[in-house]
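Subject: Structure for you, with notes

Hi,

Here is the structure I promised to pass on.

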Amino acid sequence: MPKLTFLELAEKILREENKPLSPGEIWKTAVAKEYEKNLGGSGKTPWATLYAAIFNDTRDRPDTIFVKIGERPARYFLKELYHGKETEIEKFSVSDDTAPIIFEYKEADLHQFVAYYSRTYFKAYTKTIRHAAGPKKEFGEWVHPDMIGVYYAVEDWKTEVLDLSAAIGTPAIKLYSFEIKKSLSFANLREAFFQAVSNSSWAQEGYLAAAEISSDEDFRAELRRLSAAFGIGILSISLDDPDATEILAPARENAIDWDTLNKLTMNKDVAELLKRIKNDLQTKEVIREKYDTVPASASELVESIKRAKKP
């Protein structure tokens with residue numbers, strides 16, 4: 001198969017599936033069919049690139065081959081396949097009730113969204129770190145991240161490669177760290193961002209994640225500047241379509257800061273997680289039940305915290 005662009009990949013999937021799909025659904029189907037291997041270039045977050053490619057194409061090109069259907073979540077189809085089938089695929093469109101959806105949730109409710117995104121797109125298992133399990137307050141309020149993610153190469157690498165990795169001391173894991181906020185704006189940017197710098201820079205990739213991120217252009221520019229300067233990635237959590245969660249700014253990949261990780265073991269949850277990682281590496285088998293539960297589907301995840309209100 002010849003190399004594909006992201007838009008060509010989307011077209012191929014939509015033509016074969018012959019139904020509207022969200023960008024997240026398109027990417028999952030592409031991975032299931034192993035079409036993503038034929039992308040000319042994928043980068044670190046190909047799912048986010050796919051989403052951006054389709055969104056920008058339908059927004060900016062009058063002659064786009066795609067048509068947007070519905071809003072929550074937004075799905076896309078091919079114009080040539082859509083025309084004449086409008087009634088048939090009405091079920092994919094948003095309902096006549098256009099009252100905005102209001103989400104009533106706590107910051108802790110966002111953990112399951114991060115767990116879902118991490119498992120689906122980073123192939124990483126996550127563990128919530130309870131601050132109550134940490135040291136006394138005088139050690140600092142910004143010591144521990146909200147969640148730690150672990151990608152295990154044992155699920156992808158051959159035994160021979162894993163054995164060689166262990167022999168030469170190369171970790172067959174990748175560690176992620178997440179600081180999670182309900183919202184980000186100029187009102188809390190400095191505090192939230194440098195809290196993430198303090199408690200997540202030790203990981204190979206550290207992220208500041210939030211569900212409500214100001215769209216102000218000056219704010220977004222400052223957010224990108226801080227991300228580039230300190231290497232902390234920005235994860236925008238989509239509450240109405242978890243598969244549309246996107247990385248606004250990628251994290252800089254670093255070596256693990258072992259000294260800081262050692263400090264984090266003051267928290268019992270972190271210490272227990274490190275023991276779990278060691279056991280899973282030694283047995284070459286990940287015990288999923290020891291990590292955060294991941295919702296079975298995006299729709300299940302949304303329904304767990306969503307409540308629509310009429311004005």
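A word on terms before anything else: contact here means heavy atoms within 4.5 Å. This is a predicted model, in which local features need pLDDT of at least 70 and side-chain atom pairs count only at pLDDT 80 or more, while totals for chains, interfaces and linings use all residues. Residues are numbered from 1 along each chain as its sequence is written, and side-chain values use heavy atoms, with hydrogens and water left out.

Let me start with E222. Setting aside residues up to four places away in sequence, E222 touches F186, L189 and R190. E222 belongs to helix α8, residues 217-230; helices (H or I, at least four residues) and strands (E, at least two) are DSSP runs, numbered from the N terminus. E222 counts as buried because its relative accessibility is 16%; buried means under 20% relative accessible area, exposed over 50%, and partly exposed in between, using a 1.4 Å probe and protein chains only. The E222 side chain has a polar contact of 2.8 Å with the side chain of R190, and another of 2.9 Å with the side chain of R225. A polar contact is a pair of N or O atoms within 3.5 Å; within protein, one must be able to donate a hydrogen and the other to accept it, and residues adjacent in sequence count only if both atoms are side-chain atoms.

Now the chain as a whole. Its secondary structure comes to eleven helices and ten strands, and buried residues make up 46% of its 311 residues. Of the contacts between residues at least 6 apart in sequence, 69% join residues at least 24 apart. The chain exposes about 16,100 Å², with carbon and sulfur atoms supplying 50% of that; accessible areas come from the Shrake-Rupley method with a 1.4 Å probe, and for residues only the protein chains shown count as cover.

Next, the interior. A nonpolar core is a set of buried Ala, Val, Leu, Ile, Met, Phe, Trp, Tyr and Cys residues joined through side-chain atoms within 4.5 Å. The largest one has 73 residues, and F122, Y152 and F178 have the most contacts inside it. Helix α5 (residues 111-122) gives this core its largest share, seven residues. A second, separate core of 15 residues includes L184, L189, A196 and A210. As for Y152, its contacts beyond neighbours within four places in sequence are Y125, A172, I173, R276, I277, D280, L281, V286 and Y291.

On to charges. Side chains of opposite charge can pair when their charged atoms come close. A search of the whole structure finds 20 salt bridges, where a salt bridge is a side-chain nitrogen of Lys or Arg within 4 Å of a carboxyl oxygen of Asp or Glu. One of them joins the side chains of R15 and E80 at 3.1 Å, N to O. R15 lies in helix α1 (residues 6-17) and E80 in helix α4 (residues 79-82), so this pair ties together parts that are 65 residues apart in sequence. R15 is partly exposed, with a relative accessible area of 35%, whereas E80 is exposed at 55%.

Two other salt bridges may interest you. D57 and R61 meet through their side chains at 2.9 Å, N to O; D57 is buried, at 5% relative accessible area, and R61 is partly exposed, at 38%. The side chains of D60 and R59 meet at 2.7 Å, N to O, with D60 partly exposed at 47% and R59 exposed at 53%. There is also a network: salt bridges that share partners join K12, E16, E17 and K33.

Finally, a couple of spots to look at on screen. N267 sits in the loop between α9 (258-264) and α10 (268-283) and is buried, with a relative accessible area of 0%. Its side chain reaches the backbone oxygen of R130 at 2.9 Å and the backbone nitrogen of D269 at 2.8 Å. W258, in helix α9, counts as exposed because its relative accessibility is 53%. The C-alpha atoms of W258 and W202 are separated by 7.4 Å, with the two residues 56 apart along the chain.
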